[in-house]
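Hi everyone, thanks for coming. Have a look at the model on the screen, and then we can walk through it together.

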Amino acid sequence: MRSLIWILALLALSLAAAADDKSELQNLHAAVSALNQEQQALFQQFQMLQELRRANDRAFYAAQLRPPLSTSEVPNYADVVQAQKDVSRRGEELAQQTDQLYAQFNEIGSKKALLQQRILELTLSR
C-alpha cells in the first residue's frame, strides 16, 4: 500500500513538472519570438541608416566634383569648407548610430541564444 502511495506521489510530481516545463517552454518561445521581432526592427533601422550614409557620401562627393555654376561665380571658400565639415559630421553621427544598432542587435542575439539553449534543455529532458 505504501509503495502505491509513493508511486502515485511520484506520478503527480512528474505530471506537475511536465506541466511546468510546458508552460516554461511556451513562455520561452514567446520571448524568443519577441526578440526576433526586436532584432528585425533593429535590422530595418540599420538598413535605413546605411542608406542615409550612402546618400551622405554621394552628396559629399557630388559637391566636390560639381563645377562652378558659371565662370564668374567662385564659391566662397568658407562655405565650401563648412559644407564639407557638415557632411563629415553627419557621416560620423550616422556611423555612430549604426554601431549602436549593431551592438543592440548582437546583445539581443546573445539573449536569444540563452533562451534557445534553455528550450533545447527542456526539449531533451522530456
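So, how many salt bridges does the structure hold? There are six salt bridges, where a salt bridge is a side-chain nitrogen of Lys or Arg within 4 Å of a carboxyl oxygen of Asp or Glu.

Before the details, some housekeeping. This is a predicted model, where local features need pLDDT of at least 70, side-chain atom pairs count only at pLDDT 80 or more, and totals for chains, interfaces and linings use all residues. Residues are numbered from 1 along each chain as its sequence is written, and side-chain values use heavy atoms, with hydrogens and water left out.

Now the overall picture. The protein chain has two helices and zero strands; these are DSSP runs numbered from the N terminus, with helices being H or I of at least four residues and strands E of at least two. Of the 126 residues in the chain, 14% are buried. Buried means under 20% relative accessible area, exposed over 50%, and partly exposed in between, using a 1.4 Å probe and protein chains only.

Back to the salt bridges. E24 and R118 pair through their side chains at 2.9 Å, N to O. That pair links distant parts of the chain, since E24 sits in helix 1 and R118 in helix 2, 94 residues apart. E24 counts as partly exposed at 27% relative accessibility, and R118 is partly exposed too, at 31%.

Another salt bridge joins the side chains of E51 and R54 at 3.2 Å, N to O. Both of these lie in helix 1, three residues apart, or about one turn of the helix. In helix 2, E93 and R89 are four residues apart, so about one helical turn separates them. Their side chains meet at 3.1 Å, N to O.

What about the inside? The largest nonpolar core has six residues: L35, L42, L49, L94, L101 and I108. Helix 1 (2-65) and helix 2 each supply at least two residues of this core. By nonpolar core I mean a set of buried Ala, Val, Leu, Ile, Met, Phe, Trp, Tyr and Cys residues joined through side-chain atoms within 4.5 Å.

Finally, please find T98 in helix 2 (residues 77-124). Is T98 buried or exposed? T98 is buried, with a relative accessible area of 3%. Leaving aside neighbours within four places in sequence, T98 is in contact (heavy atoms within 4.5 Å) with F46, L49, Q50 and R53.
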